[in-house]
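Visitor: I have just opened this one and would like someone to walk me through it. Could we look at it together?

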Amino acid sequence: MNLFLIGCRCSGKSSVGHALSKKLGLAFVDADRHLMTAEGKTIAELVEAKGWDYFRWREKEIMKAICTQDKQVVATGGGVILDPDNVATMRNCGRLIWLKATADTIRKRMRQDGRTDQ
């Protein structure tokens, strides 16, 4: 069984994922980092070079690969749930946990992270 953390960008998926994986003694996987490592580019670079359709296709492939493993806490990308196939893949190999944050909190975190890739 895997635990998939879903939610908006800057809702705390990676931070909560790290803490939860330590508490439960499970592996932690950051799906966006996994994708960036596989592609050798940031998300912004990948989208600029190959477009959003390619990025979403790669995201789907990464989710399938992640689901070949078990006993993981997975921080997903904020848009992973836009594809019903991704939701089905995650449900077939784990549970989804939706993290929420207020608009003010997300806005503050976005300003702090300085990313422009999403």
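This is a predicted model: local features need pLDDT of at least 70, side-chain atom pairs count only at pLDDT 80 or more; totals for chains, interfaces and linings use all residues.

Visitor: Which residues of helix α2 are buried?

Guide: In α2, which spans residues 31–39, the buried ones are A31, D32, L35, M36 and E39. Buried means under 20% relative accessible area, exposed means over 50%, and partly exposed lies in between, with a 1.4 Å probe and protein chains only. Helices (H or I, at least four residues) and strands (E, at least two) are DSSP runs, numbered from the N terminus.

Visitor: Why are they on the same side of α2?

Guide: They cover an arc of only 135° around the axis, which puts them on the same side of α2; the arc is that of the directions from the helix axis to the C-beta atoms. On the other side of α2, R33 and T37 are exposed.

Visitor: And what covers the buried residues of α2?

Guide: The cover includes β2 (27–30), α3 (43–66) and β3 (72–75).

Visitor: What about the ends of α2?

Guide: The N-terminal end of α2 is capped by D30, which has a side-chain oxygen 3.1 Å from the backbone nitrogen of D32. Just after α2, G40 takes a positive phi of about 70°.

Visitor: Changing topic, which residues of the largest nonpolar core touch the most other members?

Guide: That core has 18 residues, and F4, F55, M63, I66, V74 and M90 touch the most other members. A nonpolar core is a set of buried Ala, Val, Leu, Ile, Met, Phe, Trp, Tyr and Cys residues joined through side-chain atoms within 4.5 Å.

Visitor: Which helix gives the most to this core?

Guide: That is α3, with 7 residues, and β1 (2–6), α2, α3 and α4 (84–93) each supply at least two.

Visitor: What is I66 in contact with, leaving aside its neighbours within four places in sequence?

Guide: I66 is then in contact with F4, V29, A31, H34, Q72 and V74, where contact means heavy atoms within 4.5 Å.

Visitor: How many aromatic pairs are there?

Guide: The count comes to 2, with rings of Phe, Tyr and Trp (its six-membered ring) pairing if their centres lie within 6.5 Å, and planes under 30 degrees apart counting as stacked, over 60 as edge-to-face and the rest as tilted. W52 and F55 form an edge-to-face pair, 5.5 Å centre to centre with 90° between the planes. Both lie in α3, 3 residues apart, about one turn of the helix.

Visitor: Are W52 and F55 buried or partly exposed?

Guide: W52 counts as partly exposed at 40% relative accessibility, whereas F55 is buried at 2%.

Visitor: And what of Y54 and W57?

Guide: Their ring centres are 5.6 Å apart and their planes are at 45°, so the pair is tilted.

Visitor: Last topic: where is K71, and what is its phi?

Guide: K71 is in the loop between α3 and β3, and it has a positive phi of about 60° although it is not a glycine. Most residues other than glycine have a negative phi. K71 counts as exposed, at 55% relative accessibility.

Methods
Residues are numbered from 1 along each chain as its sequence is written. Side-chain values use heavy atoms; hydrogens and water are left out. A polar contact is a pair of N or O atoms within 3.5 Å; within protein, one must be able to donate a hydrogen and the other to accept it, and residues adjacent in sequence count only if both atoms are side-chain atoms.
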